[in-house]
Every structure is written in structure tokens, then in C-alpha cells.
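Subject: Structure for your review

Hello,

I am handing over the structure we spoke about. Please look through it with the notes that follow.

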Amino acid sequence: MAGFIAKQPNGLYCRFSTVVDCPTHYNMTSEDYLNNVTGTVRDREVGEEILQDYLRTFDEVVNCYLPHNMTQQEFDEWVKEVSLPDDGQGYKCT
């Protein structure tokens with residue numbers, strides 16, 4: 001497994017990479033993800049299946065994080081950011 005998709009506290013989605021041990025995409029709507037902004041979904045049908053059946057919890061993101069490619073301070077700030085209501089700015093990559 002190279003990564004997973006989780007629902008953030010603000011209701012949007014993030015992609016967590018188990019290769020770099022931190023989030024790589026965040027504040028994605030389901031449509032952002034289904035449009036394959038992460039470049040990891042084979043097709044829309046697979047993306048829909050992941051969102052429906054294989055979505056992970058945000059606790060898994062927090063528990064899987066390791067400070068290899070993002071400092072603990074950066075991660076803590078990121079957690080605060082994605083815990084606030086959606087600002088309408090769209091998805092972001094780290």
C-alpha cells in the first residue's frame with residue numbers, strides 16, 4: 001500500500017502517503033479526488049469504490065504520521081488547518 005484516502009475533520013479528503021509518512025494532498029472534495037488530482041486512481045469507478053468502501057479515518061492519518069518529510073510542528077499546524085471549516089480555496093498539495 002503506497003497510501004490511503006481519509007476524511008478530514010472539516011469534511012474534505014486527504015491522501016496520506018505511506019512512502020513519505022505524511023499527507024501529500026488535502027482539502028480535496030470528492031469530485032477533486034474522482035477527477036484524479038492525486039494521480040493515483042486508475043479510473044473514476046475505482047475512485048468511487050475507494051470513497052465508498054475503503055475510506056480511512058483521520059485518526060489513521062495522525063497515527064501513521066512520522067516526522068521524516070514533514071516536521072512535527074508542520075504536521076500539527078496542518079492538523080489544525082484541516083480541522084477548521086472549509087475555506088473554499090480548493091485542494092492543496094504538500
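The model holds 5 aromatic pairs. In one of them, F4 and F16 are stacked, with 5.3 Å from centre to centre and 25° between the planes. F4 belongs to strand β1 and F16 to strand β2, so this pair ties together parts that are 12 residues apart in sequence. F4 and F16 are both buried.

Another of the pairs is made by Y65 and F75: the ring centres are 3.9 Å apart and the planes stand at 5°, so this pair is stacked as well. Y65 is in the loop between α3 and α4 (72-83), while F75 is in helix α4, so parts 10 residues apart in sequence are tied together. Y65 and F75 are both buried. They also belong to one aromatic cluster, formed by Y26, F58, Y65, F75 and W78.

Please keep in mind that this is a predicted model. The protein chain has an average pLDDT of 91, and 93% of the residues score at least 70. Confidence is highest in helix α3 (residues 58-64), at a mean of 97, and lowest in strand β4 (residues 92-93), at 68. Strand β4 should be read with that value in mind.

Next, the charged side chains. R56 has two contacts to look at. Its charged end sits over the ring of F4, 4.8 Å from the ring centre. R56 also forms a salt bridge with E60, where the closest N and O atoms are 3.0 Å apart. R56 has a relative accessible area of 26% and is therefore partly exposed; E60, at 27%, is also counted as partly exposed.

How many salt bridges does a search of the whole structure find? The count is 3. Side chains of opposite charge can pair when their charged atoms come close. Besides the bridge between R56 and E60, there is one between R44 and E31, at 3.0 Å from N to O. This pair links distant parts of the chain, since R44 is in helix α2 (residues 44-53) and E31 in helix α1 (residues 30-34), 13 residues apart. R44 and E31 each have 36% relative accessibility, so both count as partly exposed.

R44 also meets E48 in a salt bridge, at 3.5 Å from N to O. Here both residues lie in helix α2, 4 residues apart, which is about one turn of the helix. E48 is partly exposed, with a relative accessible area of 38%. Through shared partners, E31, R44 and E48 are joined into one network of salt bridges.

The last item is N10. This residue is found in the loop between β1 (3-7) and β2 (13-17). Is N10 buried or exposed? Its relative accessibility is 16%, so N10 counts as buried, the cut-off being under 20%. A polar atom of the N10 side chain lies 3.0 Å from the backbone nitrogen of L12. Leaving aside neighbours within four places in sequence, N10 is in contact with N27, V82, L84, P85 and D86.

Regards

Definitions and conventions:
Residues numbered from 1 in each chain as written. Predicted model: local features only at pLDDT ≥ 70, side-chain atom pairs only at ≥ 80, totals over all residues. Heavy atoms only, no water. Helix = DSSP H or I, 4+ residues; strand = E, 2+ residues; numbered from the N terminus. Buried < 20%, exposed > 50% of the residue type's maximum accessible area, 1.4 Å probe, protein only. Polar contact = N/O pair within 3.5 Å; in protein donor to acceptor, adjacent residues only side chain to side chain. Contact = heavy atoms within 4.5 Å. pLDDT = per-residue confidence, 0-100. Phe/Tyr/Trp six-rings, centres within 6.5 Å; stacked < 30°, edge-to-face > 60°. Lys NZ or Arg CZ within 6 Å of the ring centre and 35° of its normal. Salt bridge = Lys/Arg side-chain N within 4 Å of Asp/Glu carboxyl O.
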